[in-house]
Amino acid sequence: MTLLHELMARIATSGPITVAEYMNTALLHPTLGYYSTRDPLGADGDFTTAPEISQMFGELIGLCLAQSWLDQGAPNPFTLAELGPGRGTLMADILRATSQVQGFHEAAQIVLVEASPVLKARQAETLAAYAPHWINMVADLPDLPLWLVANEFFDALPVRQFQRDGAGWRERCIWMTGDTLTFGLSPVGPQPALDHRLADTKDGDLVELNAPAQAITADIGARIADKGGAALFIDYGDWRSLGDTLQALRGHTPTDPLDAPGSADLTTHVDFEALTTAAKPAAFTRLTPQGVFLERLGITNRAQTLASAMAGPTLNTHVAAHRRLTHPDEMGNLFKVLGLYPADASPPPGLEP
Ligand code: SAH
């Protein structure tokens with residue numbers, strides 16, 4: 001049975017499904033879901049992420065988190081957490097870069113939130129020296145000060161999509177025509193969670209609601225406000241999203257999101273304003289382009305130091321990686337960084353209140 005057949009059987013029995021239910025099934029179905037069945041990262045996979053492009057990304061994030069930990073009095077013990085750690089590369093770079101920060105490793109309890117068994121196994125290999133601990137939900141994080149990073153995690157969570165119709169909304173759903181899946185719209189109804197979007201949308205506009213991202217951020221924000229810590233959320237998106245941002249990638253090429261569910265990565269753009277609202281009472285930083293953030297943390301110095309020991313093709317790849325992470329025409333502007341921190345502390349380095 002393919003996931004397409006399973007989804008069609010479900011729609012035939014119970015009617016159209018929401019975009020969120022579709023995303024959740026396509027990405028995380030226990031046996032046929034995209035993340036359940038493969039390691040999607042890297043040149044041979046479907047997409048590449050910043051930590052896979054260069055070690056500099058994780059090194060600078062590590063030093064940023066460690067400085068924030070020092071700024072808040074170096075609490076011991078604390079949780080060092082990552083959401084959706086992929087191959088474990090970012091956490092490995094964070095830990096290597098912070099090995100000289102006195103007391104940091106000794107005080108850190110490393111916790112990874114990961115849904116994919118395939119990637120969990122990969123993380124266990126990469127991070128074997130550090131004895132990390134895995135949990136399924138942020139609600140299960142230890143009750144400790146929390147320093148956390150999430151790179152390209154929120155974009156993988158299921159969103160619901162709504163199209164404005166007068167003062168109400170019609171939910172975008174997935175139906176089938178013959179043996180293909182198609183988008184449709186549910187009947188119009190009120191949608192209290194979108195009342196605030198009546199002011200900045202017009203008839204026919206589409207907005208997205210990422211309820212899991214908001215719930216996860218609320219949990220993290222409450223912990224940071226209560227016990228101390230900081231969070232760095234890095235993702236593509238904008239302050240406030242408008243329009244359909246659902247996209248599918250297979251083999252680094254955009255494809256139809258409804259084609260062959262379970263075989264392509266599905267993402268949406270992150271609506272950072274919604275995360276800041278959820279994060280209260282934690283304070284949040286200005287939304288900062290990734291390129292600006294990495295420059296402020298000293299990526300160019302670090303790139304030059306690494307370059308001095310390189311030559312030939314290795315050097316060319318390194319120069320290209322630096323550009324790819326920071327240049328406004330590449331990932332520098334598309335990706336944004338949002339920091340959370342306690343209202344009575346200073347924001348993590350590289351970010352402003
Ligand atoms: N942060 C990594 C990987 C990004 S891909 C990097 O930058 O390279 C998205 C990651 O989130 C994967 O590890 C995926 O398995 C995980 N993931 C997706 N949905 C999840 C969910 N609902 N709960 C936990 N992990 C999830």
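A polar contact is a pair of N or O atoms within 3.5 Å. The views below show a predicted model.

View 1. The side chain of Glu114 places an N or O atom 2.5 Å from an oxygen atom of the ligand. For the side chain of Thr49, an N or O atom is likewise 2.5 Å from a ligand oxygen atom. Asn151 takes part through its backbone, with an N or O atom 2.8 Å from a nitrogen atom of the ligand.

**View 2. Crossing of helices H5 and H6.** Helix H5 spans residues 55-71 and helix H6 residues 89-97; their axes come within 7 Å and cross at roughly 55°. H5 and H6 are therefore oblique to each other. Their crossing is right-handed. H5 contributes Gln55, Phe57, Gly58, Glu59, Ile61, Gly62, Leu63 and Leu65 to the contact, and H6 contributes Leu90, Asp93, Ile94, Arg96 and Ala97. By class, this contact of H5 with H6 comprises seven nonpolar, three polar and three charged residues.

**View 3. Packing of helices H1 and H2.** Helix H1 (residues 3-14) packs against helix H2 (residues 19-28) at an angle of about 145°, and the two axes are 11 Å apart. The crossing of H1 and H2 is right-handed. Leu3, Leu7 and Arg10 of H1 meet Glu21, Tyr22, Thr25 and Ala26 of H2 in the contact. By class, four nonpolar, one polar and two charged residues form the contact of H1 with H2.

Conventions:
Residues are numbered from 1 along each chain as its sequence is written. This is a predicted model: local features need pLDDT of at least 70, side-chain atom pairs count only at pLDDT 80 or more; totals for chains, interfaces and linings use all residues. Side-chain values use heavy atoms; hydrogens and water are left out. Axes are lines fitted to C-alpha atoms, for helices over the stretch in contact, and angles run from 0 to 180 degrees between N-to-C directions. Helices (H or I, at least four residues) and strands (E, at least two) are DSSP runs, numbered from the N terminus. Angles under 35 degrees count as roughly parallel, over 145 as roughly antiparallel, 65 to 115 as roughly perpendicular and the rest as oblique. A crossing is left-handed if the near helix is turned anticlockwise from the far one by less than a right angle, and right-handed if clockwise. Contact means heavy atoms within 4.5 Å. Ala, Val, Leu, Ile, Met, Phe, Trp, Tyr, Cys and Pro count as nonpolar, Asp, Glu, Lys and Arg as charged, and the others, Gly among them, as polar. A polar contact is a pair of N or O atoms within 3.5 Å; within protein, one must be able to donate a hydrogen and the other to accept it, and residues adjacent in sequence count only if both atoms are side-chain atoms.
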